Amino acid sequence: MNLQDPPSVSKAATTLNELKKIIPLWVLGTEEPGRQLGLINMLDSRSSASKELADISGKVARLLWTQNPLDMQAAAACFNHEGRSGQGTGLLKTLLSSPQHEIPQEDLDNLLLSADSKLIIRHLFPFLRGPHSLSWLAGSWDTLLRMGSPELPLSILETIEWDEGLTQLRQRLYAEYRFLYGTPEEALKEVENLDGEVWSLWKDYMRAELLLRSDAKEEGIKALHGLWTENMWNINWGLKLHALKHPIDIRGALDTSDDVVILLYSWNNGALMEKTLKNVAASNIGGARVLALNNGSNDTTAEVVANAAERFQEGRYRGIQLPINVGAPPARNWLLSEPEARKAKWAVFLDDDVELPQNWLEHLLATAEHHGNPGAVGCRITSTSEPRSLQSADYHLFPPDRTVSQIEGLEERVMVFDSCRNAFDYGQFTYTRPAVHLSGCCHMLNMEAVHRCGGFDVRFNPTQFDDLERDLRAYAAGYTHVYAGQLGIGHIQHSSLAKASSAKSMAQVFGNKIKLESKYSEKVLNSVFTRDLESLWADAEKKWSELAG
């Protein structure tokens, strides 16, 4: 450290260095609840010799609980760190001493997933008026928020007979409700009314995010900078702050759009494919060419693909008709083999059910140029329904020699860290940084990497893990990949893995996972993991230094 560096630079470097030394995986992220619990446990086992580590552990515990106020495990973790003198001790004690009741969660989930408001009110609300109301609320609150029915969660908050000691909990849940269903101005009012001693970290972050979403961007950046200055351990906040203070300039990005081909394929999804093609045509794509492939559909997809030409400039669109469904990997390879793709510099795969902002291609191209034309660029994927939830962000590997298999009888080493796990989109992943893998919903591939490393492996037909395997193969060959989280793409349907509920579909997933495991040795996976981890730490250290300087 240079002796002339300001104290803030020294503090940022010291915080990162100590965390890097004892918990190298810290840099993966600090948002997902299960990971937060793991970080707390790791810190607690090492914090006896360091007051700073003990303080960080307490702050992670506080963040975990304030983000998940109905979770008793989170409440216990926070209370264990703060004891009698901590912030919000009274509320935590009331929560932890409230009657706990084991509810029939599977039956409750089935009731909520019916999305029948009258049925939910009839069967759930009586329990919310009873002695175990908190247990029923904890089991239903998150799902009710996701249903897109503003009346239900609000009715629940009004139905429960809140003890005086739980009033602040009700206020916290109402503020979250307003964030998801109200305007930024309405939500900001509720967040600012929260007790800062009790809800500290959650309140401070949400206030900054709401300012960013309103007409007070500079005030929001300032608020986030103040929060990060006191919490330099928080990877997501630091990365987000850096992206805000050092945005990638997208002006002129379409100057190179003639080197881009946009690729879509669809099977029996005509209505959504039509909406997506309309969306592509209405967005800023400059001179990019568009190829759309009908993968042997027997619905309206053939007509949609044929008629879409009228939406694009002459010579900029071509439809392709296949007589049978060849599966996803061969369909992708077919598109990559077309002359327009072979001559292009960038090939952008889009799912047939995405919603695109006007400047989506500009963001991808500007990010690629800023990062020296990497092997692939992807972005943040969210739901399209309100309130918005995250489907994917940046993906990384866990070390292959320290994984626990999820499939009985299979030694799994390709274990991917999913940093967002369907969380609500509170802006916590709006950053740009290196990644091993990017979502296939919007996947911009450098054609140099495709020519050198190959396309998609048809052994993963009809689908599942083929985009992950291609990214792994290119990364192992030396290419870098970049996550452009400042760009958000809406995805109407969820991932195929989430929809794999039948025995047949689950067997397909497991079969392809076995194929994936067989392709890569532990040595190769370790190399991928090590290089990615080094790039993440280098990225964080550079950004922390710039923020603190």
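P387 lies in the loop between β6 (376–383) and β7 (390–392), where helices (H or I, at least four residues) and strands (E, at least two) are DSSP runs numbered from the N terminus. The peptide bond that joins E386 to P387 is cis, its omega being near 0 degrees. The model is predicted, and local features are therefore reported only at pLDDT of at least 70 and side-chain atom pairs only at pLDDT 80 or more, while totals for chains, interfaces and linings use all residues. Residues are numbered from 1 along each chain as its sequence is written, and side-chain values use heavy atoms, with hydrogens and water left out.

A cis peptide bond also links N461 to P462, again with omega near 0 degrees. P462 belongs to the loop between α20 (447–453) and α21 (466–476). F465 lies in the loop between α20 and α21 as well, and its phi is near 75 degrees, a positive value in a residue other than glycine. At 13% relative accessibility F465 counts as buried; the classes are buried under 20% relative accessible area, exposed over 50% and partly exposed in between, with a 1.4 Å probe and protein chains only. N373, in the loop between α19 and β6, has a positive phi near 55 degrees. With a relative accessible area of 32%, N373 is partly exposed.

Helix α19 (360–370) is one of the elements that each supply at least two residues to the lining of the second largest pocket. A pocket is, on a 1 Å grid over the protein atoms alone, an open set of points where a 1.4 Å probe fits, with protein on both sides within 12 Å along at least five of seven lines; lining residues have an atom within 4 Å of a point. About 1000 Å³ of space lies in this pocket, the volume being the space filled by probe spheres set on grid points that are joined across faces, edges and corners. The lining numbers 38 residues, and L244, R380, T430, G485 and Q486 lie nearest the centre. By class, the lining has 12 nonpolar, 14 polar and 12 charged residues, where Ala, Val, Leu, Ile, Met, Phe, Trp, Tyr, Cys and Pro count as nonpolar, Asp, Glu, Lys and Arg as charged, and the others, Gly among them, as polar. Other contributing elements include β6, β12 (481–491) and α24 (522–548).

H363 lies in α19 and is buried, with a relative accessible area of 15%. Leaving aside neighbours within four places in sequence, H363 is in contact (heavy atoms within 4.5 Å) with I250, Q486 and L487.

In α5 (residues 89–97), T89, L91, L92 and L95 are buried. Their directions fall within an arc of 160 degrees, so these residues line one face of the helix; the arc is that of the directions from the helix axis to the C-beta atoms. The buried residues of α5 pack against α3 (51–67), α4 (72–82), α8, α10 and α12.

In α6 (residues 105–113), L108, L111 and L112 are buried. They cover an arc of only 95 degrees around the axis, which puts them on the same side of α6. The face turned away from that side carries the exposed residues E106, D107 and L113. The buried residues of α6 pack against α7 (117–128) and α8 (133–146). Just after α6, A115 takes a positive phi of about 60 degrees.

The largest nonpolar core has 120 residues, and W26, W65, L124, L137, W162, L169 and W544 touch the most other members. Such a core is a set of buried Ala, Val, Leu, Ile, Met, Phe, Trp, Tyr and Cys residues joined through side-chain atoms within 4.5 Å. The largest share of this core, 10 residues, comes from α12. A second, separate core of 38 residues includes L264, W346, L350 and I489.

L137 touches L70, L128, I156, I160, W162 and L173, with residues up to four places away in sequence not counted. I156 lies in helix α9 (residues 151–159) and, at 0% relative accessibility, counts as buried. I156 and R129 are 27 residues apart in sequence and 9.5 Å apart in space, C-alpha to C-alpha.
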